[in-house]
Amino acid sequence: MGNLFSSMFDRLWGVNKELRILILGLDGAGKTTILYRLQVGEVVTTKPTIGFNVETLTYKNLKLNVWDLGGQTSIRPYWRCYYANTAAVIFVVDSTDKDRMAIASKELHMMLQEEELQDAALLVFANKQDQPGALSASEVSKELKLAELKDRSWSIVASSAIKGEGITEGLDWLIDVVKEEQL
Amino acid sequence: MDKKIKKFLKDAVRVAPKVSNKGELFELRNGLVSKYPQTRKDAIKKTIQQMTIGKDVSPLFPDVLKNIATSDIEQKKLVYLYVINYAQTHPELCILAVNTFVTDAQDPNPLIRCMAIRTMSMIRVDMILDHVEGPLRKTLQDDNPYVRKTAVLCVAKLFHLNRELCISLNMITDLISALDDSNLMVVANTIASLTDIYEMDSSVVPLPLLIQSHITQLLHALSECTEWARITILGALAQCDAKDSIQAQDIIGRVTPHLQHVNPAVVLSSVKVIVKNLDLLPSELQKQPTDKVSTALVSLMSTPPEMQYVALRNIRILLQKYPELLSKELPIFYVKFNDPLYVKLEKLDIMVRLVSTSNLKQCSLLLAELREYAMEFEPEFVLKAIQAISQLAIKFAYANDSTSATKFVTKALDILCTLLQDRDTFQDECLVSICDLLRYDSQLANLPLPIVSSWTDADSHLVTDSGKCNYIWMLGQYRFPNAEEKLQQFIDTFAQQGHSTQLSILLTVVKLSRQLPDTTLQHVLKLATTETQDIDIRDMAMLYWRCLSLPNADKLVEDLSNAKLPPLTSTLDQFSPELLHSLLQELSTLSSIYYKPLSQFKRRTVQHSSVQGKALDELTSMAHAEIAKNLNSETLLDLDSDSTNVPNANIKGGSALEELSDLFNFTGDSLLDKPMQKMTIQEGKQVPANGSAKDLMDLF
């Protein structure tokens with residue numbers, strides 16, 4: 001009972017509310033680097049994530065619960081465990097990895113078909129723009145067949161997590177969309 | 001009116017049922033993935049609650065796991081608890097927790113670091129173990145001693161779960177270096193961890209050497225750590241030998257204060273260490289530690305009965321090495337009316353061993369005490385008390401001059417005779433004890449004889465095999481009136497009697513062959529060779545039969561039956577020196593309660609290859625079969641000169657022995673060619689089959 005009331009109270013006033021955001025993508029795309037770029041504003045040395053990292057950050061008066069899930073083939077099947085109650089998905093793509101663009105596209109579309117993610121906004125980071133030979137945002141968009149997406153607010157932003165370029169722009173867009181949807 | 005209002009309110013305020021029709025798990029899952037932290041935490045609490053009452057909440061594993069990453073330590077603890085409980089049923093999902101474990105192992109909060117590393121080494125999932133190296137190594141070097149202590153223990157856990165991994169990661173070296181840690185708590189736990197590993201595989205750690213080289217640290221750590229760590233350290237100290245008497249003295253000096261510890265396990269472990277080092281001291285310095293040990297043991301007698309039992313079992317071991325240890329403390333071991341039976345039995349045993357034979361007054365007091373015990377009602381206790389009377393009498397008589405000895409034995413015999421008449425149900429045991437005393441001093445036979453010889457129907461008085469056996473022995477030894485008639489009762493029921501009784505009948509009939517009619521002797525010999533399954537009795541009968549058929553049979557039988565029995569010196573059972581030595585090393589462990597050395601508890605590692613093992617198994621069974629075959633056919637017992645030069649059991653039989661020779665590459669073929677098949681059976685003792693297999697194995 002108490003829980004019911006307190007959660008009703010929370011819901012009415014929007015206190016303590018957290019937005020769940022997932023960061024997904026193939027292994028080595030830069031998900032963990034982006035997460036800590038957001039959290040501490042620095043580049044941290046990362047190891048392949050076995051499992052997940054989760055950080056809570058406050059951005060524009062919103063409490064964000066950002067989940068960075070490991071991208072290795074063995075862990076991808078468990079992404080679905082985290083879909084419930086997700087406000088937005090950040091999909092990170094390694095723009096230099098042309099060979100695996102098709103796999104990334106497949107994973108992305110498969111994920112978006114999930115019932116639980118129907119209302120989630122999608123932000124794609126075409127990451128590693130600092131590297132030579134990186135595809136541009138529009139090229140990545142084409143490779144990922146983002147144009148096929150219907151009934152979903154999505155955007156693609158060219159970024160470099162190492163240099164910190166494009167990350168805040170992307171997030172700003174995402175927050176705007178999510179705020180609109182939530183309120 | 002009130003009631004109406006209440007009813008109205010009850011109807012108006014509707015409480016939603018806690019569990020919706022979608023089920024409890026659904027509700028909990030919803031709670032676990034809620035957007036609100038408080039709701040999630042409540043849901044975790046509910047889940048753990050369900051888990052502890054035994055409901056299967058494992059389907060929630062992924063959802064609970066999501067909550068592992070939190071700064072709330074309480075919530076973290078709950079999730080860890082859940083993960084430990086269900087990791088085995090969901091090994092594949094554990095991989096999702098790896099990253100969190102690794103991150104937590106670097107958390108600024110030492111408690112969280114500990115929790116992470118502890119949980120990680122507890123989960124029996126290979127995927128987790130693959131990632132344990134980094135965090136474990138880091139925590140072993142942690143700034144916080146509590147974390148180091150935990151990490152040190154985790155190495156042993158890791159070793160238990162995956163030996164190869166632990167060795168290949170070289171964790172043991174790190175562990176050994178932790179012995180030099182500045183924190184004594186860490187040192188104590190390192191020793192515990194090393195001991196565990198050493199017990200699992202003694203080839204990995206040179207534990208005795210390590211203890212030897214760190215003896216000073218350990219002695220310092222002893223007073224700093226918790227009682228259980230203390231026990232471990234004491235155990236470690238007991239395993240190593242002191243260099244010289246000075247070090248031994250130092251060890252004893254450091255350990256002695258712990259004899260006053262409230263935990264009996266600490267006390268017994270301290271006793272173990274002291275006993276181990278006591279022999280190294282010069283004899284004039286031994287007295288003080290011995291006194292301290294004796295005081296400590298006395299204090300253990302005021303603990304609850306279960307602990308008393310353990311203490312008594314250990315005292316029994318100590319008493320054999322130091323008979324004088326507790327001789328002044330006899331009264332504490334007197335049985336109290338409310339002691340449980342198992343304590344009473346041990347106390348009885350201890351008292352007889354304890355009593356000092358030079359102190360007549362003490363012995364007499366104990367005898368009176370035992371007499372009281374023999375009047376109790378618990379059968380096992382009374383039996384043991386009756387035994388104890390004869391044990392005490394023999395112990396005293398052996399150590400003292402003949403006049404006081406006779407006096408004491410007479411007194412004991414008197415008590416036993418009274419008991420024999422008074423206590424109908426314990427006549428067997430009384431008779432056995434009386435016979436023990438008579439074997440010690442046969443002059444005293446006039447006391448019990450009138451009672452025993454007055455029995456017309458001994459079979460109704462005696463129940464046990466040993467009782468009957470002793471009765472028949474008395475019949476033969478003291479020539480009762482109507483002995484023939486009394487013996488006849490037993491001969492008639494020969495086939496139904498136990499092993500000892502049958503043997504005793506045979507011996508007595510041969511002994512009394514002069515008085516008995518010839519037919520009786522023939523009859524018994526026939527019975528003993530045809531009616532019994534027992535090999536010893538059969539061979540014994542064969543032997544007598546052969547003796548009787550020799551030319552000077554009468555003389556031979558006379559000599560055989562009047563042969564002097566070796567005098568009894570003690571009827572108390574003693575440990576063999578080797579057993580005593582190993583038991584003293586293992587005081588306060590299970591082996592000191594079972595009186596079995598530790599090596600017998602462990603499954604022996606198979607040394608030879610499986611093929612060889614199989615061959616040996618087959619050989620053993622072949623040997624068994626062969627012996628059985630030989631026994632079933634006509635057995636020829638040869639008492640000629642041949643029997644003297646056959647030390648090994650030589651089993652001869654067609655194919656089996658050929659295979660044996662193939663396997664063992666027998667060179668001495670002459671053994672095989674011997675025409676006679678023999679088994680060495682001396683004085684009715686059969687060489688057991690596996691014994692012969694062992695002999696063959698020696699050849700191998």
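**Figure 1. Area buried between chain B and chain A.** In this predicted model, chain B and chain A bury about 2,200 Å² between them, 58% of it on carbon and sulfur atoms; buried area is the accessible area (1.4 Å probe) that two parts lose on being put together, summed over both. The contact involves 23 residues of chain B and 24 residues of chain A, with contact meaning heavy atoms within 4.5 Å. Between the two chains there are 0 salt bridges (a side-chain nitrogen of Lys or Arg within 4 Å of a carboxyl oxygen of Asp or Glu).

**Figure 2. The side of chain B that touches chain A.** Elements giving two or more residues to this side are α3 (37-52), α4 (61-66) and α6 (91-104) of chain B; helices (H or I, at least four residues) and strands (E, at least two) are DSSP runs, numbered from the N terminus. The largest share, 8 residues, comes from α6(B). By class, this side of chain B has 11 nonpolar, 6 polar and 6 charged residues, where Ala, Val, Leu, Ile, Met, Phe, Trp, Tyr, Cys and Pro count as nonpolar, Asp, Glu, Lys and Arg as charged, and the others, Gly among them, as polar.

**Figure 3. Helices α2(B) and α3(B).** The axes of α2 (residues 24-32) of chain B and α3(B) come within 7 Å and cross at roughly 145° (lines fitted to C-alpha atoms over the stretch in contact, with angles from 0 to 180 degrees between N-to-C directions). Among the residues making the contact are Leu28(B) of α2(B) and Ala43(B) of α3(B). The contact residues divide into 4 nonpolar, 4 polar and 3 charged.

**Figure 4. A salt bridge within chain A.** Asp27(A) and Arg100(A) meet through their side chains in a salt bridge (3.1 Å, N to O). Asp27(A) lies in the loop between β1 (18-25) and α2 (31-40) of chain A and Arg100(A) in the loop between β4 (88-94) and α3 (101-112), so the pair ties together parts that are 73 residues apart in sequence.

**Notes.** Residues are numbered from 1 along each chain as its sequence is written, and chains are lettered from A and ligands numbered from 1 in the order in which they are written. Local features need pLDDT of at least 70, side-chain atom pairs count only at pLDDT 80 or more, totals for chains, interfaces and linings use all residues, and side-chain values use heavy atoms, with hydrogens and water left out.
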